[in-house]
Amino acid sequence: MNRSQRRLPDVGGFLRETATAIRREGVAGLSVPARAVYHKLLQQGSRITSPGRSIYEKDWDVLVVLDACRYDLFAAAVSSPDTDFAFVDRGSLTSTRSVESATRRWMRRTFGPGVEGVEQTHYVVGSPWSSLQLDESWFASLDSVWQDAWDDDHGTLLPETVTDRALAASREVDFDAGERLLVHYMQPHCPFIDSPDIATPKAADGFTDAAERDVWTRLQAGEVSLDEVRDGYRANLDLALAEAERLLHGIDSERVIITSDHGNATGEYGLYGHPESMPFDCLREVPWFETTATDTGERPSSGRVRSDPTSEEPTDNDIEARLRALGYR
């Protein structure tokens, strides 16, 4: 066979077949190799779009991160007539572009020993990615709350636990000396606390069971409806906002920001959840809500019922399991 007779890869045919499969069944309709190629193609868009802005490019004393909170979800929540929080009434909302579309790489691109502002930061973090991406020596203090307060009944870290630890940490922050407080809640990230029927709570050693798949996988497979997921997602955000309100009643600060590390895709471009390094607004546009905090002198505890937290130091297997619970494995 001479060179002119050799068969070249049918790139056009691959793209046409890929587009047809996505229209019919979403990305789940692709073969595993085709899905990987499709994701790689989408990720290339990050090379030609804005890289986003680090949280340290702006001024703040207290910054609250609501994990996996889309801008439009947050905007709808704070503008709702049913939302009655003091910090909302005295605040203003804009959007910002996150530096990443998933927590692991967001941490990697945000923190480090050479990043200005990190060493003055007291970080109260709920995400298990902290064990793999962060070094305690970088920060003024690092409290990985999930390590000893993971709630096995709900398969996540409850927001009231983060608030309690953040209020305790705030007593050690010298704002006048330029120190900062960064509080990272797990919500509205799934599992959805009040919707166990669509986002099953997971035990530490059972996250890989087929019956306990991530809510985004179930949405993609048509096992739950988009309306159900949106309702659960919004309810999880409302729980986090209530705890943010409680936190901001225990601190005095004129420079408070509420934001997110990334958003979630609900079918846009055939994507679900938050794959890494994607350029799309559903994953990179996040809220930037500027408000203030006023210490009322009260220390109300959450009225929600909680289970006993874990008391033992988590093993590597525990960390992997908890990341699976959050849809990262």
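Trainee: Where do I start? How many helices and strands does the protein chain have?

Mentor: Start with the overview: the predicted model shows twelve helices and nine strands in the protein chain. Of its 329 residues, 53% are buried.

Trainee: How do I read the packing of two helices?

Mentor: In general, two packed helices are described by the angle between their axes and the distance between the axes. Here, take α8 (residues 159-170) and α10 (residues 226-248): their axes lie 9 Å apart, at an angle of about 20 degrees. Angles under 35 degrees count as roughly parallel, so α8 is roughly parallel to α10. The crossing of α8 past α10 is right-handed.

Trainee: Which residues make the contact between α8 and α10?

Mentor: From α8 come P159, E160, T163, D164, A166 and L167, while α10 supplies L239, E243, R246 and L247. By type, the residues of this contact are five nonpolar, four charged and one polar.

Trainee: And what should I know about a nonpolar core?

Mentor: In soluble globular proteins, nonpolar side chains tend to be buried together. In this structure the largest nonpolar core has 47 residues, and L66, F74, F87 and L247 touch the most other members. Helix α10 contributes the most to this core, with eight residues.

Trainee: Which residues does L66 touch, not counting residues up to four places away in sequence?

Mentor: Its partners include F74, Y185, P188, L237, A240, L241 and I258.

Conventions:
Residues numbered from 1 in each chain as written. Predicted model: local features only at pLDDT ≥ 70, side-chain atom pairs only at ≥ 80, totals over all residues. Heavy atoms only, no water. Axes fitted to C-alpha atoms, helices over the stretch in contact; angles between N-to-C directions. Helix = DSSP H or I, 4+ residues; strand = E, 2+ residues; numbered from the N terminus. Parallel < 35°, antiparallel > 145°, perpendicular 65-115°, else oblique. Left-handed = near helix turned anticlockwise from the far one by under 90°. Contact = heavy atoms within 4.5 Å. Nonpolar A, V, L, I, M, F, W, Y, C, P; charged D, E, K, R; others polar. Core = buried A, V, L, I, M, F, W, Y, C linked by side-chain atoms within 4.5 Å. Buried < 20%, exposed > 50% of the residue type's maximum accessible area, 1.4 Å probe, protein only.
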